[in-house]
Amino acid sequence: MSAGAETFKNYINGRWVGARSGAMMESVNPATGEALGLVPRSGPEDVEDAVRAAAEAFPAWRRTPAPRRAEILFRAAERLVARKEELARLMTREMGKVLAETRGDVQEAIDMSYFIAGEGRRLHGYTAPSEMPQKAAYCVRAPLGVVGIITPWNFPVAIPSWKIVPALVCGNTVVFKPASYTPLVGLKFVEIFEEAGLPPGALNIVTGPGQGVGDALVAHPQVRVVSFTGSTETGLRLAEQCARVGKRISLEMGGKNAAIVMPDADLGLATDALIWSAFGTSGQRCTACSRIIVHKAVKADLADQLVERAKRLRLGDGLEPDTDVGPVVSGAQLDRIHQYVQVGRQEGARLLVGGSRAQEGALGRGYFYTPTIFDRVGPRMRIAQEEIFGPVTDIIETESFESAVTVLNESRYGLSASIFTRDINAAMRAIDDIDTGIVYVNHGTIGAEVHLPFGGTKETGNGHREGGLQVLDVFSEWKAVYVDYSGRLQRAQIDRE
Ligand code: NDP
């Protein structure tokens, strides 16, 4: 751990405080190895403090009218606009993706904050006619209480915003545990809400490891809802833990996203989109395109174009304006990616480009992996089934539309998919038959917008959605209300005269 590094604190009950134990952990730039600062390596006792603060803040926040809660969230959006560049630069330094993408990450949080703050004046329920005369019937959304939020490092502002802003507008209070690769960005994001005037205790952040902080948060009896994004392995473990006590958990997990390329596709467009979907964020997106299912009539042509473009991608520090692809987040991820490349070779796939660590010059200081494309990939190979989470994509040849859709759906995951075709009938049939939460036509697998539901089928999730108005269902409970103003007993289902 570097001596003299800048130190940061948790935010609990409106105060910046260290871990009770005094322990710290380091945040490091994956492009350069530079130490960025020290943050609390918190433990269950800090989680206890944060949950208590959130529970104490809940009654007043719940009673604050939703339009007034939303005013604070609109101000948070304005603070994000003002600090966009600063946050983007810090994000690039902390997790590596290039500046254009980290600006996009902050922009997503801005969009989400404006969009969901607007719900402060809606949060619509509905009225319904009662079976009885002189009886009103309607339903409203009610908050649940303390929400525990656990997020990954690949979208360290956008993903927390998808969860924190809707949780708050619904009237819940929050304890947030950011990923240990991106604690600084998490702390700066929370600062935004402090500047916006959020009352003490409504939003708290505790940095520290998944085991020790994350699990203590999930297990805490006063945490009523957990919202998690990350690996399927961790997510399903947490879901088991929550199921034992009947706790609600919203899970956003892995993906093995695929694009279908039909013989009539615009191959130039498909190449642009697939390079972006496979290698943007160094392939570390839950929606990254890691399977390209291409009709045999155009496979050779598409493969040539993809390889040509992949070779030209410039690796480097994401702060440099001419960098296309930054580092992966850590040495552990780098090793994992390289192991998968070995698996692909052993399985008999043909490596067209990439397949090695990039170490020339300054790249040697960071965790860089060359954009990698495999050809002759069988749909059941491990590299076609398991989430690699790096700059690696597979080409799978197919003979028909039907077999392409079958291969696409043969996955434990169901997040995002796309089809490139000029045939409207094929496009519409793909929309019908693809079993994923997101389908694109003539677009890559990445690029979700905040006002539509985001999430996936099968082992990608557990039925919840983020984004859109659907996210409000994660953070609120429906309350049905009956007001009888007849002045007499009226028995539903029984008094029918
Ligand atoms: P994890 O699922 O382990 O981490 C995600 C979040 O969960 C982090 O905040 C992490 O904390 C936390 N966490 C870890 N263990 C626990 C626990 N026992 N209880 C509560 N919280 C916990 O993913 P990793 O970052 O370790 O990445 C591993 C793999 O997961 C990647 O290679 C990729 O395949 C997949 N992944 C997928 C993502 C997606 O968007 N689909 C996002 C991130 C990862 P901490 O950071 O302190 O460990």
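## The ligand and its surroundings

In this predicted model, a backbone N or O atom of G210 and an oxygen atom of the ligand are 2.9 Å apart.

| Residue | Protein atom | Ligand atom | Distance |
|---|---|---|---|
| G210 | backbone N or O | oxygen | 2.9 Å |

The space that the ligand takes up is the largest pocket.

Around the ligand there are 28 residues, of which T151, W153, S180, S231 and M253 are the closest. Sorted by class, this shell holds 13 polar residues, 11 nonpolar residues and four charged ones.

As for where the shell comes from, at least two residues are supplied by each of the helices α7 (210-219), α8 (232-244) and α11 (331-346), and likewise by the strand β10 (223-229). The element that gives the most is α7, with four residues. In terms of domains, at least three residues of the shell are drawn from domain 1 (10-253 + 461-480), and at least three also from domain 2 (257-441).

Methods. Residues are numbered from 1 along each chain as its sequence is written. This is a predicted model: local features need pLDDT of at least 70, side-chain atom pairs count only at pLDDT 80 or more; totals for chains, interfaces and linings use all residues. Side-chain values use heavy atoms; hydrogens and water are left out. A residue is near a molecule or strand if one of its heavy atoms lies within 4 Å of it. A polar contact is a pair of N or O atoms within 3.5 Å; within protein, one must be able to donate a hydrogen and the other to accept it, and residues adjacent in sequence count only if both atoms are side-chain atoms. On a 1 Å grid over the protein atoms alone, a cavity is a set of points where a 1.4 Å probe fits but cannot get out, and a pocket is an open set with protein on both sides within 12 Å along at least five of seven lines; lining residues have an atom within 4 Å of a point. A molecule sits in a cavity or pocket if more than half of its atoms lie within 2 Å of its grid points. Ala, Val, Leu, Ile, Met, Phe, Trp, Tyr, Cys and Pro count as nonpolar, Asp, Glu, Lys and Arg as charged, and the others, Gly among them, as polar. Domain bounds come from an automatic or database domain assignment.
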